[in-house]
Amino acid sequence: LSVLQNLSIFARLYGVKDRTRRIKTLIERFDLTKFRNRKCGVLSSGEQTRVGIVKALLNEPALLLLDEPTSSIDPSVARTIRDHIREVVRDSHCAVLWTSHNMQEVEEVCDQVHFLFKGELLLSGDPKTLAKKHDKTNLEELFISLARKPLF
């Protein structure tokens, strides 16, 4: 299916009102206009990621779950995706649960960070201050120290 066909099907499944307008708005916001008639299977990984995020945003969710949305994507596209997600959050007040091993990204986009190990919460806090509270230079250093020697 093309990007437009794919998104139209999901918009119907989600019961999105004014599907055409919603799809057009999101396709434009995530820079997918030139790909709308292209088959999803031939898109690059970054383009497919953007289509997946648009699909997840079609029904204006209160909570958006993103599992490493910028992994395997070049830094320029990753930045664009982060910027667009921040715009969506700002405009719709949607909450985002963002899982990532990229601690620089976590510091950049997250208001709260939670480190988990085997389903247990190890640490939580503000990503801009949590590392310093544990005598680490940054979140990546804190993440590595927790991975090597968990608190449990």
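Start by selecting S8, which lies in helix α1. You are looking at a predicted model. Keep that in mind at each stop.

**Stop 1: S8 and its surroundings**

Show the side chain of S8. One of its polar atoms lies 2.8 Å from the backbone oxygen of L4. Now bring up R19 and I23. S8 touches both of these residues, leaving aside residues up to four places away in sequence.

**Stop 2**

Is L13 buried or exposed? L13 is exposed, because its relative accessible area is 63%, and the cut-off for exposed is over 50%.

**Stop 3**

Move on to K17, in the loop between α1 and α2. K17 counts as exposed, with 73% relative accessibility. Draw a distance line from the C-alpha atom of K17 to that of T137. The two atoms are separated by 48 Å. Along the chain, K17 and T137 are 120 residues apart.

Now select D18. D18 also lies in the loop between α1 and α2. Check its backbone angles. Phi of D18 is positive, about 50 degrees, although D18 is not a glycine. Why is that worth a look? Most residues other than glycine have a negative phi.

Show the side chains of D18 and R21. What do they form? They meet in a salt bridge, at 3.0 Å from N to O. D18 is partly exposed at 45% relative accessibility. R21 is partly exposed too, with a relative accessible area of 43%. Both values fall between the 20% and 50% cut-offs, so both residues get that label.

**Stop 4**

Jump to E68. Where is E68? E68 sits in the loop between β1 (63–67) and α4. Phi of E68 is near 45 degrees, a positive value in a residue other than glycine. E68 counts as partly exposed, at 25% relative accessibility.

**Stop 5**

A word on charge before you select anything. Side chains of opposite charge can pair when their charged atoms come close. How many salt bridges does the count come to? The count comes to 9.

Select R82 and E105. They form a salt bridge, with the closest N and O atoms 3.0 Å apart. This pair links distant parts of the chain, with R82 in helix α4 (residues 75–92) and E105 in helix α5 (residues 103–109). R82 and E105 are 23 residues apart. Are they buried or exposed? R82 is buried, and E105 is buried as well.

Stay on helix α4 and select D83 and R86. Their closest N and O atoms are 2.7 Å apart, in another salt bridge. Both residues lie in helix α4. They are 3 residues apart, about one turn of the helix. R86 counts as partly exposed, at 31% relative accessibility. D83 counts as partly exposed, also at 31%.

Now select R82, D83, R86, E105 and E108 together. These residues are linked in a network of salt bridges.

**Stop 3: an aromatic pair**

Last stop. A search of the whole structure finds 2 aromatic pairs. One of them is F115 with F143, whose ring centres lie 6.2 Å apart. Their planes stand at 35 degrees, so the pair is tilted. Which parts does the pair tie together? F115 lies in strand β3 (residues 113–117), and F143 lies in helix α7 (residues 139–148). The pair therefore ties together parts that are 28 residues apart in sequence.

Turn the surface on and look at each ring's residue in turn. F115 is buried, with a relative accessible area of 5%. F143 is partly exposed, with a relative accessible area of 26%.

Terms used
Residues are numbered from 1 along each chain as its sequence is written. This is a predicted model: local features need pLDDT of at least 70, side-chain atom pairs count only at pLDDT 80 or more; totals for chains, interfaces and linings use all residues. Side-chain values use heavy atoms; hydrogens and water are left out. Buried means under 20% relative accessible area, exposed over 50%, partly exposed in between (1.4 Å probe, protein chains only). Helices (H or I, at least four residues) and strands (E, at least two) are DSSP runs, numbered from the N terminus. A polar contact is a pair of N or O atoms within 3.5 Å; within protein, one must be able to donate a hydrogen and the other to accept it, and residues adjacent in sequence count only if both atoms are side-chain atoms. Contact means heavy atoms within 4.5 Å. Rings of Phe, Tyr and Trp (its six-membered ring) pair if their centres lie within 6.5 Å; planes under 30 degrees apart count as stacked, over 60 as edge-to-face and the rest as tilted. A salt bridge is a side-chain nitrogen of Lys or Arg within 4 Å of a carboxyl oxygen of Asp or Glu.
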